[in-house]
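These are my notebook entries on a structure that is new to me. I set down what I looked up, entry by entry.

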Amino acid sequence: MLKNMRKWQQDLIASSKTEALPVMSYPGMTLTGHRVIDVVTKGAAQAACMEALAKRYPSLGAVSMMDLSVEAEAFGAKVQFTDNEAPNLESRVVVSEQDVDALAVPGVGAARTGAYLDALKRAVKSIADRPVFGGAIGPFSLAARLMEVKNVLIETMRRPAFVHATLKKSTAFLLDYIKAIKATGANGVIIAEPVAGLVSPADCDEFSSAYVKRIIEAVQDETFAVILHNCGPAAGKQIASMLSTGACGIHLSATSDMPAAMRKLPADVLGFGNLDPSTVFKMGTPALVREKTLDLLNQVGAYGNFVISSGCDIPPGTSLKNMDAFFDAVAEFNQAREEKRAS
């Protein structure tokens with residue numbers, strides 16, 4: 001059933017509770033017994049993880065895998081797979097302007113994009129009590145995957161037209177892909193633009209936000225919300241650029257100052273973040289997870305538009321005890337705040 005995501009956003013902001021939406025799918029493997037290779041190649045396995053997590057935790061939404069190799073693979077990049085780690089790219093496909101000219105924009109469903117769309121179709125049918133979000137890489141980060149990060153950063157200064165040519169093809173594919181995500185019945189998408197956080201605010205405007213804005217204008221409406229994720233070290237300085245895209249929510253990593261970011265956000269734009277997925281969720285103890293969760297909530301939980309989240313996707317191998325501690329801490333915070341109001 002289609003949800004009114006604008007009303008969802010308004011109700012969320014008006015609520016007295018702070019909700020949680022960690023970027024988690026990999027922890028579901030512990031519940032289903034799947035391996036990484038299963039969930040990144042088979043829609044049924046990925047959907048099973050999403051469904052198992054939705055049954056166990058009161059997350060604000062269900063989120064598909066944040067796999068930043070999927071779209072580059074569709075363009076022809078080679079990917080390395082293992083049983084226990086997220087996929088990694090082995091090769092770039094764009095070296096010269098001639099490579100860009102020859103680069104064919106893949107059709108939706110190419111390589112593993114079809115499996116990710118299948119996962120969302122299945123998840124939408126099995127998870128009816130909360131929004132379901134797909135995931136997609138951002139256009140600048142996809143261009144960086146096609147060209148290699150160090151090269152795309154150099155070329156923004158040396159040959160910006162070369163980068164823009166790659167961006168145009170990246171954006172053309174992503175627009176079709178995210179439209180297909182929307183067509184599954186998903187209620188939104190998290191667009192991950194980590195490489196945008198490595199450039200100046202002006203370059204973020206030019207090479208990332210301008211292209212993200214085109215996508216958002218084409219897909220975001222009452223039934224479909226876009227959350228823009230930026231986990232680069234400069235993300236905290238790029239709030240204005242990220243807001244210029246029109247995204248309904250901004251998602252930041254642990255490298256960002258979340259209190260400072262929330263002060264910059266308009267009251268009607270959601271702010272998501274930003275517990276460290278590695279040092280807190282994966283390598284931390286339940287006691288540390290509780291401590292860090294409550295600390296962040298005490299700093300920014302008073303903002304109605306704040307949603308507590310992981311700073312990026314939670315890695316494979318993260319203990320469910322740590323996930324339990326996170327959600328227990330959120331419930332503890334909300335209960336204490338409610339008791340304070342009632343007293």
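I began with strand 7 and strand 8 (residues 270-275), which pair in the parallel sense over three bridges; two strands count as paired if DSSP finds at least two bridges between them. Strands here (E, at least two residues) and helices (H or I, at least four) are DSSP runs, numbered from the N terminus. I note that this is a predicted model, in which local features need pLDDT of at least 70 and side-chain atom pairs count only at pLDDT 80 or more, while totals for chains, interfaces and linings use all residues. Residues are numbered from 1 along each chain as its sequence is written, and side-chain values use heavy atoms, with hydrogens and water left out.

I then looked up G249, whose bridge partner in strand 8 is L270. Strand 6 (residues 225-230) also pairs with strand 7 in the parallel sense, over four bridges, and there I227 stands opposite G249. Within strand 7 (residues 249-252), G249 and H251 point one way and I250 and L252 the other way, and all are buried. Buried means under 20% relative accessible area, exposed over 50%, and partly exposed in between (1.4 Å probe, protein chains only).

I traced the chain onward: strand 7, helix 13 (residues 258-264) and strand 8 make a right-handed β-α-β unit. Right-handed means that, with the strands pointing away from the viewer, the path from the first strand over the helix to the second runs clockwise.

I190 lies in strand 5 (residues 188-192) and is buried, with a relative accessible area of 4%. Which residues is I190 in contact with, leaving aside its neighbours within four places in sequence? I found V63, M66, G134, G135, A136, I227 and H229, where contact means heavy atoms within 4.5 Å. I also noted that I190 and A247 are 57 residues apart in sequence and 9.8 Å apart in space, C-alpha to C-alpha.

In helix 9 (residues 149-158), I found N151, V152, E155 and T156 buried. Seen down the helix axis, the buried residues fall within an arc of 140 degrees, so they line one face of helix 9; the arc is that of the directions from the helix axis to the C-beta atoms. These buried residues pack against helix 8 (139-147), helix 10 (160-183) and helix 11 (201-219). The face turned away from the buried side carries the exposed residues K150, M157 and R158.
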